[in-house]
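Hi,

Here is the structure I promised to pass on. Please have a look, and my notes follow below.

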Amino acid sequence: MKRHLISAADLTRDDAVLILDTAEEMARVADRPIKKLPTLRGRTVCNLFFEDSTRTRISFEAAEKRLSADVINFAAKGSSVSKGESLKDTAQTLEAMGVDAVVIRHSASGAPYRLATSGWIDAPVINAGDGTHQHPTQALLDAFTMRRRLIGPDAGLGQDLAGRRITLVGDVLHSRVARSNVDLLHTLGAEVTLVAPPTLVPVGVENWPCEVSYDLDAVLPKSDAVMMLRVQRERMNAAFFPTEREYSRRYGLDGERMARMPGHALVMHPGPMVRGMEITAEVADSDRCTVVEQVANGVSIRMAVLYLLLGGNEPALTHPRTEEK
């Protein structure tokens, strides 16, 4: 493992499989009456969030606390950032306080990379989402969910996603989740197809390790997993499609479309969902939809990442003697 986790593209196949296997060990902790490991006792982790978040922030905080770390939550709103403090000054403040790791979400693409390489802070940096660039832990938890569902929790150990066909549908242009998933799923051997209106396909997508289609109905019957992406209105400064109704009709997933998918295929969504837009309530509440499972798996993945960056480079071994201390 490298010192920082900035991009899914930085991970080799062995790195990714090590994280997934370690997360499988961490998931077993969640089934215990006391969901705690002493691994990061005495270490301080700061959650540095310059952008709104519910799932990711709470997920990281839960992961840190389950590993017994001391947690500092920083939100840009209500901090000195609103007075004009720069990222550099914030980072040097944290360095002076002796923080052992930083989890950062920022609206500017490249902010976590800048923090990791600037020398402002001497601690591992984990990217929790930067602009429209990357969100590596989301891609890892998505791959973890696919591996558990398509191969099995125990059978999947040491395995990648070779030969699996994964389809990502929706606002690819503004989606850091799409970029991270394309990178990671390609590394794990999966075949990725992007489906979106032409206006929501990024320039240069022909250089990405994936296929591009504009016809959702043609791709569904051969997909092992279909991930619906939210239309990110907060990042849009123009009209990318005529109406919500037309977008939903051509690129939304409803019960009729879900019925055309193979029997074993999953429906995924990184959240938050806009019901009635990219996904109907019928599909979102079906047994094939893994949205809630993805949230649970997110805690296990983030525990694994924190453990490997701060605790050790071997898969977590949970011996009874260790737990009794």
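A quick definition before the notes: a salt bridge here is a side-chain nitrogen of Lys or Arg within 4 Å of a carboxyl oxygen of Asp or Glu. Glu24 and Arg148 form one through their side chains, at 2.6 Å from N to O. In total, the rule gives 5 salt bridges across the interface of domain 1 and domain 2.

Some background on the numbers. This is a predicted model, where local features need pLDDT of at least 70 and side-chain atom pairs count only at pLDDT 80 or more, while totals for chains, interfaces and linings use all residues. Residues are numbered from 1 along each chain as its sequence is written, and side-chain values use heavy atoms, leaving out hydrogens and water.

The domain assignment (automatic or from a database) puts 4-135 + 295-311 in domain 1 and 136-293 in domain 2. Contact (heavy atoms within 4.5 Å) takes in 39 residues of domain 1 and 35 residues of domain 2.

Between them, the domains bury about 2,900 Å², with 57% from carbon and sulfur atoms; buried area is the accessible area (1.4 Å probe) that two parts lose on being put together, summed over both. On the domain 1 side, Glu24, His135 and Asn297 lose the most area to domain 2, and together they account for 23% of what that side buries.

The centres of domain 1 and domain 2, taken over C-alpha atoms, are 25 Å apart.

Best wishes
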